[in-house]
Amino acid sequence: MTLTHRSGCDFRELAGAPGWLAAGGYHFYNHTIDLFSHRHSCGPELTLVLKGATTWVLPDGVELTQPADTLGIVQPGIDHRGRCDVIEPCALLWLIPELEPGPEGCGGFRPEEYRELVAGFAAAGSRVVGGSAGLNAAARRLVAELAAPGPASSSLTALLLAQILIEMARCLDRRAGVATADRLLMGKVRRRLDENLGRSVSIAAVADEAGLTAAALSRRFRRVFGLSPVEYLLRERIAAAERDLGAGSDAIAMIACRYGFSSSQHFASAFKRRTGRTPGEFRLKK
């Protein structure tokens, strides 16, 4: 099986797919696609975003935002979906390792080492952490091999999948969770931003309210939510505009003004970068 730059691949269909792999794949989305609520029972879902960004929504409205070069994990049995029921434009690689693959299903792993990896995934909870140079290199090498297979490709693919799983486990092991105090403070900042989607927002003023400099606010906000306050505002404004475009007949210029865009052209440009379609195209397809 080969893939082109803008395509995808189901790892379970590969010759020599390892027995420990319950599901997995590589996908390059240049526009939003539907992803409704679902869950996996056979193992945790591990997702590496290689390009772009996307957000998973868990029960009680908990959001896991993944910018490029981050690793996300959702535990088995947890319902999750794309934000607004879509995956945003991005390139991502995902794996679901079997919790109990059996003695013949561990591939190149020693059974006791595989059990240690699985225990580490279970202890990590559902969250997003930074990736690593080793993880990104292995993932990109795998994508390159799938695009242009060479001699002994199935063997190399199995080795690279095992390396990616190990690198994922090491990322989760290295990254301590974000401090509760940071989560609480940044949660207040996020609510302040949510209340002002239609108004001009001074990040410096928001930072001052939180007792921080603008730079410190940006660092801490990104550490908790995976993107800066400015990036968060843009994402939320586009998402709100999507809902209005799909639900009503308000003029596009009115929606642009409602969510703080300086002009219809500014809105259309930002909207297309985010969704792959202009506001008019988005409305026609709804």
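Tutor: Start with pLDDT, the predictor's confidence in each residue, from 0 to 100. The mean pLDDT of the protein chain is 86, and 93% of its residues reach 70 or more. This is a predicted model: local features need pLDDT of at least 70, side-chain atom pairs count only at pLDDT 80 or more, and totals for chains, interfaces and linings use all residues. Residues are numbered from 1 along each chain as its sequence is written, and side-chain values use heavy atoms, with hydrogens and water left out.

Student: Which elements have the lowest and the highest mean pLDDT?
Tutor: Strand S3 (residues 33–34) has the lowest, 77, and helix H5 (residues 203–209) the highest, 94. Over residues 1–6 the pLDDT is below 50. Beyond near neighbours in sequence, that stretch still has 19 contacts in the model. A contact means heavy atoms within 4.5 Å.

Student: What makes residues 111–124 a helix, H1?
Tutor: Helices are DSSP runs of H or I with at least four residues, strands are runs of E with at least two, and both are numbered from the N terminus. H1 has 14 residues.

Student: How do you know what span to expect for H1?
Tutor: The expected span is 1.5 Å times one less than the number of residues. For H1 that gives 20 Å, and the distance from its first C-alpha to its last is 20 Å. Helix H6 (residues 214–225) agrees too: its 12 residues should span 16 Å, and its end C-alpha atoms are 16 Å apart.

Student: Which residues of H1 are buried?
Tutor: Buried means under 20% relative accessible area, exposed over 50%, and partly exposed in between (1.4 Å probe, protein chains only). In H1, Tyr 114, Leu 117, Val 118, Phe 121 and Ala 124 are buried. Seen down the axis, they fall within an arc of 120 degrees, so they line one face of H1. The arc is that of the directions from the helix axis to the C-beta atoms. On the other side, Arg 115, Glu 116, Ala 122 and Ala 123 are exposed.

Student: Which residues of H6 are buried?
Tutor: Ala 216, Leu 217, Phe 221, Val 224 and Phe 225. They cover an arc of only 135 degrees, which puts them on the same side of H6.

Student: Why is the pair Glu 63 and Arg 83 called a salt bridge?
Tutor: The rule asks for a side-chain nitrogen of Lys or Arg within 4 Å of a carboxyl oxygen of Asp or Glu. Here N to O is 3.3 Å, so the pair meets the rule. Glu 63 lies in strand S5 (residues 63–67), and Arg 83 in the loop between strands S7 (81–82) and S8 (86–87), 20 residues apart.

Student: Is Arg 83 buried or exposed?
Tutor: Its relative accessible area is 9%, so Arg 83 is buried. Glu 63, at 23%, is partly exposed.

Student: What makes Arg 274 and Glu 88 a salt bridge?
Tutor: Their N to O distance is 2.6 Å. Arg 274 sits in helix H9 (residues 264–275), Glu 88 in the loop between S8 and strand S9 (90–97), 186 residues apart.

Student: How many salt bridges are there by this rule?
Tutor: The count comes to 12.
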